[in-house]
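Please open the model in a viewer and keep a selection tool at hand.

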Amino acid sequence: MLLALLLTYAGFTALCLSMPRHHAELLGAKPSTRRRQGLALAGWLLLALSLWAAVAASGWSFGLVDWFAVLMLSALALVLLLPYRPRLVMALAGLSLLASPVAAWAQC
Amino acid sequence: MKGKLATLPMSYRLAVTSRVLAAIFGGYLVAALASVTLTLWLPLNRAEAVVTGMTVSFLVYLAAVLWCFACRSAWSAWVGLLVPSVILATVSGAARGLGLA
Amino acid sequence: MKEGFRQAMAWLHTWAGLVFGWLLFAIFFTGTLAYFKDEISHWMQPEIAAHSLDSEASLALAQDYLQQHAAGASRWLIDLPDARDPGLTVRWQQAPGKPGERGRFESRTLDAQTGVEVQGRESMGGEFFYRFHFQLQMPYPWGRWLATIAAMVMFVALISGIITHKKIFKDFFTFRPRKGQRSWLDGHNAVGVLVLPFHLMITYSSLVIFMSMVMPASIVASYGSDVRKFYDEVFPASKTPERADVAAPLTAMAPLLAKASEQWAGGHTARLSVSNPGDASATVVLSRAGDRVVHDFGRAVTFNGVTGQLLSSTPDQPMAMAVGGAFYGLHMGHFAGPLLRWLYFICGLAGTAMIGTGLVIWLGKRQLKHVKSAALPFELRLVEVLNIASMAGLVSAVAVFFLANRLLPVSLAGRADWEVNAFFIVWGLSVVHAVLRPGRKAWIEQLTLGAALFIAVPLINALTTPWNLGATLMQRDWALAGFDLTCLATGLFLGWAARKMQRTGERVSVRKAGSSPRSITVEQGAN
């Protein structure tokens, strides 16, 4: 479940950043169109990857349940942290991306 | 809005009550009829058809309830439920008649 | 017309949410607690020791016990211990129940290692929350009818809420604290939208679970008066065979566990149901432990009770039943390991918070119009009292349920009932308190009381039993330690909430002294 969690959190952060208002909150300026599209694409890709990670780890029935669970948990964590600790939000996203390969290796 | 409760016209209150009754009872009727129609027409064995019909029925109930409050008037709420009810009753009756039940 | 539709849905969401919100809050809160009902039961009956599991040995002990005490019964039920529930429970039924109804059972808990009756203090434990959330302490079948009606209203409220939330995607990540009513709405939307898959699943599944009761038209249309046949086809294992009235000894059941496990490709047995023990027509039905997401009601393995021969080969689950089983399995979450179980719990709390914030917003919006006047109109005052009692009052009642478990004498007759009574008495008193005190003060006082009561739980536990937090941490009894820690965390949370409300109130009175009305509207919290 760990890999899926890391990927969903990173994915949601990317999707959040792809929104001008939140991008400005977190990184100080509004994003260019190229960057917006890039972040949105990255976000969706990470979410899709997380689904694959969950199903690969536990099969379809447990995997789907685990995936929805980490999806909801990471979204909640992100949204509740965002107004209070925006830099922590970014740091955690970075950490998630860095830790993902390790988690992937541990899972396989 | 609550503070203005005393000033709401009676016609409004009757209309709301009518819609609520339509949603609760009329909605249930449509959902039950949809459930029966589905059960009698689905090409599955009896138990599976019954389970499927019941499982789906709540979506129909939901649609009926939303209709009762989204439609233009309290009258259309009732009409909008009665018409499908009649159709569904006919269709499930036809299943019986055709020996599908 | 689109605006009219959204407005209509907003109206529906607001009123459906209000009228059923108090009941739904209670259902969601107790249902959420029920995800840890085994752990709660373990804390409330700490005398029942957990042993390493040996299903065959425990089953043999259970069979001996039932042979001694319930030889003439029409049905025996044996619940084997598992990782979360250390008890070996035996039940028996003297006379079979009517079709579709549960019969009356005698129940005993045995020590899983010695087979001796365990004298755990009499308590409903976590079962109380589990049963309450769908029976509402009302006589059968009214409670479950009301709970299912509430579920349908919840479904309507969820969908109408989604339709109403115009900026559901734009505001997906939006949460703006410290902005009064705006923050409450952001919070309501956050716990609603971000946890939506869970809310939709839990709500629709609760309808499906009781669909035979509330939507029986299909059963009647298809089976006519032979309704029994429907239940036999969907739940084949529950068929009670006719008595032969020929005495025949029951086979030893322990070896059946391995045979069943083979049928399930390695799955374990959770429960055995013996029909007509001691008769030639005896059957033993083994039900699988909830280790899969899709619950299979038909997958039980049946053996001839006299010869031990496998009777029914389990058929593949048809798609329709699998869908129903999936709803059941997902709702119950039996398959969830410790981590996933905590996630279920968090999602349940989110749902509870969604309902609670909704109730607070409903009143908050309308209260703004009465800031200047001394008293609220009757309808708003009623909502205020019900909000306080159904939320803060309920939470205190739960804490009192736990405290009563530790404080009531172990030998008190009917103490299980008295624990439940204490719960309802305190809940009732919270209504009285909310009526007598002004709104904001009532909130602060009840939240403070709740905080004190919850913090008291691990303290009273330490004072009245040897299973205090220090000891349970050392023994690595995570259920007991986790319980104490969660009560502590809950108490701290309630205390924080109480202080926050008090501070917001103080800011309002300071500002009222000399600034413009606008700042009051912005600063004023919920109540």
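**The chains and their contacts**

Bear in mind throughout that this is a predicted model. Begin by colouring by chain. Two pairs of chains touch, and the pair with the most contacts is B and C. Chains A and B, by contrast, do not touch, and their nearest C-alpha atoms lie 20 Å apart.

Next, select the contact between chains C and A, to which chain C gives 25 residues and chain A gives 23 residues. About 2,100 Å² is buried between these two chains, with 82% of that area on carbon and sulfur atoms.

**A helix pair in chain A**

Hide the other chains and show helix α1 (residues 2-17) and helix α3 (residues 33-81) of chain A. Two packed helices are described by the angle between their axes and the distance between the axes. Here the angle is about 155° and the axes are 2 Å apart. The two helices, α1(A) and α3(A), are therefore roughly antiparallel. The crossing of α1(A) past α3(A) is left-handed. Sorted by class, the residues in this contact are 26 nonpolar and six polar, with no charged residues.

**A helix pair in chain B**

Move to chain B and select helix α2 (residues 46-70) with helix α3 (residues 74-97). They pack at an angle of about 150°, and their axes are 8 Å apart. Because an angle over 145 degrees counts as roughly antiparallel, α2(B) and α3(B) are placed in that class. Seen as a crossing, α2(B) passes α3(B) in the right-handed sense. Show side chains for A64(B), W67(B) and C68(B) on α2(B), and for S76(B), A77(B), G80(B) and L81(B) on α3(B); these residues make the contact. Five of them are nonpolar, two are polar and none is charged.

Bring chain C back and select helix α10 (residues 227-234), in which F230(C), D232(C) and V234(C) are buried. What covers the buried residues of α10(C)? The cover includes α2 of chain B, as well as α8 (211-214), α9 and α12 (319-332) of chain C.

From there, go to S222(C), which is in helix α9 (residues 217-223) of chain C. Is S222(C) buried or exposed? Its relative accessible area is 17%, so S222(C) is buried. Beyond its neighbours within four places in sequence, S222(C) is in contact with T39(B), R46(B) and V50(B).

Select T89(C) in strand β2 (residues 88-93) of chain C. T89(C) has a relative accessible area of 14% and is buried. With neighbours within four places in sequence set aside, the contacts of T89(C) are L77(C), I78(C), D79(C), S107(C), R108(C) and T109(C).

Then centre on W427(C), in helix α15 (residues 415-436) of chain C. W427(C) counts as buried, at 17% relative accessibility. Residues up to four places away in sequence aside, W427(C) touches A26(C), F132(C), A389(C), S390(C), G393(C), L394(C) and A397(C).

**Backbone features to inspect**

Most residues other than glycine have a negative phi, and most peptide bonds are trans.

- Select Y140(C) and P141(C), which are joined by a cis peptide bond with omega at about 0°. P141(C) is in the loop between α4 (127-135) and α5 (142-164) of chain C.
- Select L136(C), in the loop between α4 and α5 of chain C. The phi of L136(C) is positive, near 55°. L136(C) counts as buried, at 8% relative accessibility.
- Select R178(C), in the loop between α5 and α6 (181-193) of chain C. R178(C) has a positive phi, near 60°. With a relative accessible area of 67%, R178(C) is exposed.

Conventions. Residues numbered from 1 in each chain as written. Chains lettered and ligands numbered in written order. Predicted model: local features only at pLDDT ≥ 70, side-chain atom pairs only at ≥ 80, totals over all residues. Heavy atoms only, no water. Helix = DSSP H or I, 4+ residues; strand = E, 2+ residues; numbered from the N terminus. Buried < 20%, exposed > 50% of the residue type's maximum accessible area, 1.4 Å probe, protein only. Contact = heavy atoms within 4.5 Å. Axes fitted to C-alpha atoms, helices over the stretch in contact; angles between N-to-C directions. Parallel < 35°, antiparallel > 145°, perpendicular 65-115°, else oblique. Left-handed = near helix turned anticlockwise from the far one by under 90°. Nonpolar A, V, L, I, M, F, W, Y, C, P; charged D, E, K, R; others polar. Buried area = accessible area lost by both parts, 1.4 Å probe.
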